[in-house]
Amino acid sequence: MLSRLFAPKVTVSAHCDLPCGVYDPAQARIEAESVKAVQEKYQANEDADFRTRAILIKEQRAELAKHHVSVLWSDYFKPPHFEKYPDLHQLVNDTLKALSAAKGSNDPKTGQKALDLIAQIDKIFWETKKG
């Protein structure tokens, strides 16, 4: 009796956790842009207190970017995507490693490398949305 009361009335399905539209690599890109911007500001400022704050903010933003890339990998991309784009696993791994490198560096080149890799994920993401 209780099982019928609590049984779902409607069954839905989607290839991701929620119907599409909630995932977007732009979230990772925005955070990675912040990482690079902070790295540039760090380089342009000699104040020790400013630099300490910049490092903390940069590390937080890098972690957020890593989170967004990881969510795309684990929740959005599915086996058909990995079949169509066989380098996608490696691209995600390389992107996460680049974000870790940017997190630990104050060189804007590391931030740019992460942005370049996120752009590749973005391209694949939008290609999957077409199909």
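## A tour of the helices and the core

Helices α2 and α6 are roughly antiparallel to each other, in what is a predicted model. Select these two helices to begin. Their axes come within 8 Å and cross at roughly 165 degrees; an angle over 145 degrees counts as roughly antiparallel. The crossing of α2 past α6 is left-handed.

Next, show the side chains where the two helices meet. On the α2 side, select Ala28, Arg29, Ala32, Glu33, Lys36, Gln39, Glu40 and Gln43. On the α6 side, select Pro108, Thr110, Gly111, Gln112, Leu115 and Ile118. Coloured by class, this contact shows five nonpolar, five polar and four charged residues.

Now move to the largest nonpolar core, which has 22 residues. Select Val69, Leu72, Phe77, Leu88, Leu99 and Ile121, the members that touch the most other members. Two or more core residues come from each of α2 (26-43), α3, α5 (88-103) and α6 (108-130). The most come from α6, which gives seven residues. In soluble globular proteins, nonpolar side chains tend to be buried together.

Stay with Val69 and display its surroundings. Apart from neighbours within four places in sequence, Val69 is in contact with Ala28, Val92, Thr95, Leu96, Leu99, Ile118 and Ile121.

Last, select Lys66, which lies in helix α3 (residues 48-76). Is Lys66 buried or exposed? Lys66 counts as buried because its relative accessibility is 19%, and the cut-off for buried is under 20%. Not counting residues up to four places away in sequence, Lys66 touches Leu96, Leu99 and Ser100.

How values were computed
Residues are numbered from 1 along each chain as its sequence is written. This is a predicted model: local features need pLDDT of at least 70, side-chain atom pairs count only at pLDDT 80 or more; totals for chains, interfaces and linings use all residues. Side-chain values use heavy atoms; hydrogens and water are left out. Helices (H or I, at least four residues) and strands (E, at least two) are DSSP runs, numbered from the N terminus. Buried means under 20% relative accessible area, exposed over 50%, partly exposed in between (1.4 Å probe, protein chains only). Contact means heavy atoms within 4.5 Å. A nonpolar core is a set of buried Ala, Val, Leu, Ile, Met, Phe, Trp, Tyr and Cys residues joined through side-chain atoms within 4.5 Å. Axes are lines fitted to C-alpha atoms, for helices over the stretch in contact, and angles run from 0 to 180 degrees between N-to-C directions. Angles under 35 degrees count as roughly parallel, over 145 as roughly antiparallel, 65 to 115 as roughly perpendicular and the rest as oblique. A crossing is left-handed if the near helix is turned anticlockwise from the far one by less than a right angle, and right-handed if clockwise. Ala, Val, Leu, Ile, Met, Phe, Trp, Tyr, Cys and Pro count as nonpolar, Asp, Glu, Lys and Arg as charged, and the others, Gly among them, as polar.
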